[in-house]
Amino acid sequence: MKSNRILLFIACLISPLLSIGQEFSIKADYPEVVREGEQFAITWTINTGDGDFSEPEFTGFYKLMGPQTSYSSSTQIINGKVTRETTFSYVYYLQALKQGKFVIAPASVTIRNKIYRSDSLRIEVVAGSNVQQNAQAGETGDKQADHVPAGTNDLFLNILLDKKEAFQGEHILATIKLYTRIDITGINEIKFPAFEGFVKTDLETPPLTSLKRETINGTTYGTGIIQQFLLYPQISGDITIDPVQISVLVQQKSGRTDPFFGDFFSTYTTIPRAVVSKPVKIKVNPLPGQKPEDFSGIVGKIDMTASLDRDSVNVNDAINFRIVLSGMGNLKLAALPVLNMPPDIEVYDPKVSENLTNGANGTTGRKTFEYVLIPRHNGDYTIPPVSLSYFNPSSRQYERLNTAEIAFHARKTAGESTEAAFYGGVTKEDIKYLGKDIRFVKSNPGKFLKETNLLITSRIFYSIYLIALFVFMAILFIRREQVKRNADVVSVRNRKAAKIARKRMKMASSYLKEEPKDKFYEEILKSLYGYLSDKLGIPASDLTRNNASDSLRDRGVNDETISLLMSILDKCEFARYAPSSSDTEASDIFEGASLFIKSVENKIG
């Protein structure tokens with residue numbers, strides 16, 4: 001019996017040496033054929049744990065979980081020969097998303113800078129009786145209806161569109177809807193498509209907290225809307241909306257059913273499950289005919305109004321001209337209206353403001369263009385009508401809107417001259433004198449004086465030169481002394497410790513009134529630890545409570561001041577992780593920290 005124990009002990013000692021010499025292998029265990037929507041596992045098994053395992057890309061499949069690792073080892077002694085087998089397993093759980101033949105690249109293991117690879121995995125995904133089918137468009141009506149063909153499974157996803165055909169720029173309501181006959185505990189992940197070819201606007205959608213019961217083709221489903229979008233197509237032709245992919249959390253019973261109590265004592269586990277919708281196609285028609293020159297790019301039904309904020313203004317004063325577009329359509333993409341203003345009116349770029357609401361019926365509201373106009377001459381002005389065209393999808397034709405002429409008067413200011421002389425072939429009538437912004441060349445040369453005494457020949461010049469030389473030498477000496485003082489980094493940090501601490505304390509005081517006070521306590525700790533590190537010459541990485549208190553005590557700081565420091569540090573660290581302190585306690589901590597810094601400065605200097 002004793003000899004067997006010794007032999008087993010020797011086998012355990014030499015087994016690592018035997019495993020080093022064994023031949024390396026990596027194998028994959030997986031199903032070659034799976035059904036669309038089916039969940040399955042892939043297991044890679046290797047006979048060593050010394051390397052680094054790298055998983056491949058699971059192209060065409062959705063990764064649910066993994067890797068789950070396991071380890072097994074066995075040792076055999078036959079006729080004095082010791083053999084040992086060690087295996088490491090890496091398990092991944094996947095779900096098939098669509099039909100086809102897919103190739104998963106090899107997994108790799110790196111051992112001592114050498115890479116070993118497994119074989120490629122070839123998996124075919126076929127259709128089955130439990131394959132997810134997408135809801136198809138209804139026979140009548142513009143809105144795509146909920147219709148589930150026979151043979152669908154218990155969980156699927158749809159992209160529903162309110163119309164199958166639209167004009168370029170016309171709004172389309174897209175609804176992402178979930179159908180289920182199983183228990184779902186939540187949604188883990190959502191991947192929306194890029195909606196290429198559309199301008200997308202997210203609609204406010206309530207979170208999916210409960211499902212609505214609907215009966216489709218005699219089968220009752222729990223349904224819920226995940227998200228709604230407004231889509232404005234920007235190109236014409238057949239556009240494909242890519243699938244939506246979500247990961248839901250599904251409750252699955254684990255273990256066997258008790259024959260006596262049934263499912264009463266059964267346990268359940270929550271596992272992720274991928275759901276992918278089918279791509280959806282929509283036909284986008286181009287806008288018909290020749291677009292008008294004043295086409296704004298709006299597709300919908302709108303009105304236009306124009307107004308001035310007043311009917312009279314002083315010359316060179318500003319007056320506001322406002323154009324308002326209101327109605328329903330893609331107002332956000334509306335172009336600037338074209339203005340044909342008289343040449344005597346200066347026009348500035350408009351201020352554009354929007355008050356738009358997005359809903360299931362499209363975008364409604366108003367878009368305002370506010371121009372600043374400045375008349376440069378006095379007199380009566382007329383703003384010509386502004387025209388704008390848009391496309392109405394209901395009537396399938398372009399419609400033009402026109403504003404009425406708007407008149408206003410620009411008056412002279414009291415005492416202001418409106419004419420000025422101008423040289424170079426232009427008469428006074430050809431130019432107006434605008435305020436005080438033009439000055440003419442002065443023709444009077446003025447009175448010139450001859451300078452007889454030069455500064456360089458006076459005694460004042462040499463006195464100023466000597467004083468400047470002395471000041472320069474003094475500045476140079478002071479600068480050299482300053483460089484010497486700053487060369488000692490420890491001394492510089494010691495001198496500036498209080499200044500830096502006061503800045504941090506000032507920052508902490510600004511956080512004193514905020515709730516919660518996490519930033520206040522954090523700034524107090526930074527101030528105290530930073531001050532101790534600078535003042536005591538201890539690097540921040542080496543600074544602890546013990547060496548800080550010892551260093552303060554060595555420098556003559558009394559125990560009462562050190563106890564005050566430790567109390568403040570304890571209160572701050574406790575308050576950061578258990579924020580229940582009052583405003584009074586926070587103020588006491590601030591006053592105590594300030595008192596500690598003053599006390600140390602008075603003692604150490």
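Surface patches are made of residues with over 30% relative accessible area and no salt bridge, like charges being joined within 9 Å, and the accessible areas come from the Shrake-Rupley method with a 1.4 Å probe. The structure is a predicted model, in which local features need pLDDT of at least 70 and side-chain atom pairs count only at pLDDT 80 or more, while totals for chains, interfaces and linings use all residues. Residues are numbered from 1 along each chain as its sequence is written, and side-chain values use heavy atoms, with hydrogens and water left out.

Arg 495, Lys 496, Lys 499, Arg 502 and Lys 503 form a positive surface patch. Of these residues, Lys 499 lies in helix α3, which covers residues 489-510 (helices, H or I of at least four residues, and strands, E of at least two, are DSSP runs).

An open, antiparallel sheet is formed by three strands in the order β4-β8-β9, where two strands pair if DSSP finds at least two bridges between them. Because β4 (52-54) and β9 (114-117) each have a single partner strand, they stand at the edges, and one side of each is left without a neighbour in the sheet. Strand β8 (residues 108-111) pairs with β4 in the antiparallel sense over three bridges, and Ser 108 in β8 stands opposite Ser 54.

The model contains 19 salt bridges, each being a side-chain nitrogen of Lys or Arg within 4 Å of a carboxyl oxygen of Asp or Glu. One of them joins Glu 399 to Lys 301, with the closest N and O atoms 3.4 Å apart. Since Glu 399 belongs to strand β30 (residues 397-402) and Lys 301 to strand β22 (residues 295-308), the pair ties together parts that are 98 residues apart in sequence.

Terms used
Patch = residues over 30% accessible without salt bridge, like charges linked within 9 Å, V, L, I, M, F, W, Y side chains within 5 Å. Lys, Arg positive; Asp, Glu negative; His and termini not counted. Charge placed at Lys NZ, Arg CZ, Asp CG, Glu CD.
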